[in-house]
Amino acid sequence: MISQSTIDTVFETARLEEVIGDFINLKRAGSNFKGLSPFSNEKSPSFMVSPVKQIWKDFSSGKGGNVVAFLMEHEHFSYPEAIRYLAKKYNIEIEETEQSQEQKQEANERESMYLVSEFAQKYFQSTLLNTDEGQAIGYSYFKERGFTSETIKKFGLGYSPEEWDAFSKEALGKGYKLEYLDKTGLTIVREDGRNVDRFRGRVMFPIQSMSGRVLGFGGRILTNDKKVAKYLNSPESDIYHKSKVLYGIYHAKQSIAKLDNCYLVEGYTDVIQLNQAGIENVVASSGTALTPDQIRLINRLTKNITVLFDGDAAGLRASIRGIDLILEEGMNVKVCTFPDGEDPDSFAKKSSYEELTEYLSSNAKDFIQFKASLLMDEAQNDPVKKAGLIRDIVTSISKIPDRIQREVYIQECSRIMDISEQVLVSTLAQLVQKDITDAGKKQKEEQKAKAMQPVVEEMPEVKQSADDLSGIEYEIVKALQLYGDMECEFKNIYTKFDEYGEEVTFTEVQACKVYEWIYLNLQEDEIEFTQPTFSALLKQMIEIYLNKEIKQENFINNFSVDLQGLVSDIYMEDDKYLLSGWEDKQQIPVKMKDMTVEEHVTQIIFDLRSRLIKKLIHELMTQVKPEPEADNRDVMQDIMDYTELNRNVLKRIERIRTT
């Protein structure tokens, strides 16, 4: 178990904007940073980072929290994993206390699969570098490809021995469970009980997440056996989803964000060779057709993609379909092809960094120019084929969500293809309308299918019944969070009757901190919150204020992960309400610009008292028996007493508002 002193050091050292900046392209927005949400598909940035408070808030998904909460949400880390990641990033030595056997057994299944995958990567690389078979077969292959020792180590390349179960025996001998070897696909468990290595006799390419965790592997066979697949990938698992992963993203993410461009290639060796040549902002779709999820992964870092194709015409026609997907995601796409017989790997291998960057810069074409030049050769002087080419280009333009960008591309297409803009606009309108119609039909079909399913009502997270107190409870925890440590002078206004029977108003002033005033008033009235989340937040806040010195930038780190989202909501939406409609439906008090903190806090405390009294009166009213012979005197007396009490509370609220 990681020691508390290490955790404290991590929180003191880690800078939220730096950590999130490794995953998302952030831009300065006043005192904050903003970027595209990594948790939803959005076109306009709604992801906010506050360096001062060290919190983040994603307004599109509602998620928020501190630096650890981000890593847990984005990378699916456990709490200890997130701490270890940050400790490694900031070179903090981890002190650990001894774990009990029970704690060791609590490691979840995903973590076990990660550990098995990381062990496999180390085993394959050790086999490559330190065994005769690995050196003779695997290492010599990588050297022939032109990879240096530094590059081999950087990308974690390895070799799986020819022996049927060499890796499986080693892993089982080290205590790794067969269950997780099977689930990661590293071992194939046969019906006869024999364990077989999936990747035996292959050079290994570990596939990493954006944070560097090993998710799966790609393995290349080195023989000419046509009955065996040249490349073999890990099967889908809880940690590896091929359509959501880009090879090389871990090594490329910072360069992509910095250069505001991503080169997209097809294979592992293309990525490695370009990276070794100095082009680090490059990733691969791992030999699969490009998917929207992969494009969105790049979209978190940049809006610009340059697709690198080799000179093979058949490959170009097959890969060009991915361009429309990129455009559909609202991204800018260019295309660069290499001479016949060349691919990114071979071209980078024989070119200097200067030659490579010059070639990429001068040969990257806008997608319209690329499509026109590619398909024009096929159309030649055939009017029918040329019409089909133009329609193909306009179809791509129709995928672009931005209307102004579509207009610009229509003008460009008109110029290149020597055709009237009016015809192109008309064709574009037809295609856009068709897309809208198709989307409408799909939505109706989905709604129809949903309507035919049995209705399962979900309970809302916060009950909003007539006597619900959640709105005021939220206002109290909000005031406690925003002003809790502020020193104020609170006025206690009350009335007495003098010896002549005249009502006299008295005002007492009590100097204390906001959290003390709230705590004392709630204790005095023995008030318990009704909403569980706000009750838990209130308890943790009071404990924090009573036991610790509060620093704004570290405040959120004191809360449990499940409450950090609400804490970040309060910070980020200081002038808004978290739960829409409460202020109108339930007359929740709003802190006006001309109202002091003292007035605001006192008012919400008294409003809570009034609501509680009304709730008691309502409950007593239900006890009144309608029968003529029923004795309701005690109940009616209680109702009258509480009604008078509420009248006094309302008077005090009015005095606070008018004082």
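Start with the whole protein chain in view. Of its contacts (heavy atoms within 4.5 Å) between residues at least 6 apart in sequence, 66% join residues at least 24 apart. This is a predicted model, where local features need pLDDT of at least 70 and side-chain atom pairs count only at pLDDT 80 or more, while totals for chains, interfaces and linings use all residues. Residues are numbered from 1 along each chain as its sequence is written, and side-chain values use heavy atoms, leaving out hydrogens and water.

Colour by secondary structure. The protein chain has 28 helices and 18 strands. Both are DSSP runs numbered from the N terminus: helices are H or I with at least four residues, strands are E with at least two.

Now show the surface. The protein chain exposes about 34700 Å², and carbon and sulfur atoms supply 48% of that area. Accessible areas come from the Shrake-Rupley method with a 1.4 Å probe; for residues, only the protein chains shown count as cover. Of the 659 residues, 46% count as buried. Buried means under 20% relative accessible area, exposed means over 50%, and partly exposed lies in between (1.4 Å probe, protein chains only).

**Stop 1: strand β4**

Select residues 55-58, which form strand β4, and pick out D58. D58 is buried, with a relative accessible area of 0%. Leaving out residues up to four places away in sequence, D58 touches S37, F39, S46, F47 and K63. K34 and D58 are 24 residues apart along the chain, and their C-alpha atoms are separated by 9.6 Å.

**Stop 2**

Go to Y90, in the loop between α4 (79-89) and α5 (101-105). Y90 is buried, at a relative accessible area of 18%. Which residues does Y90 contact, leaving aside neighbours within four places in sequence? They are T13, A14, R15, E18 and V19. Select V10 too. V10 and Y90 are 80 residues apart in sequence, yet 8.0 Å apart in space, C-alpha to C-alpha.

**Stop 3: helix α6 and its partners**

Select helix α6 (residues 109-130) and helix α7 (residues 132-144). Their axes come within 6 Å and cross at roughly 95°. Axes are lines fitted to C-alpha atoms, for helices over the stretch in contact, and angles run from 0 to 180 degrees between N-to-C directions. α6 and α7 are therefore roughly perpendicular to each other. Angles of 65 to 115 degrees count as roughly perpendicular, under 35 as roughly parallel, over 145 as roughly antiparallel, and the rest as oblique.

Show side chains at this contact. From α6 come T127, L128, L129 and N130; from α7 come D132, G134, Q135, G138, Y139 and F142. By class, the contact of α6 with α7 has four nonpolar, five polar and one charged residues. Ala, Val, Leu, Ile, Met, Phe, Trp, Tyr, Cys and Pro count as nonpolar, Asp, Glu, Lys and Arg as charged, and the others, Gly among them, as polar.

F119, A120, Y123 and F124 in α6 meet A166, F167, E170 and A171 in α9. The contact of α6 with α9 has seven nonpolar, no polar and one charged residues.

**Stop 4: helix α12**

Finish at helix α12, residues 268-276. How many of its nine residues are buried? Eight are, so select Y268, T269, D270, V271, I272, Q273, L274 and N275. Then step on to G278, which follows α12 and has a positive phi, near 110°.
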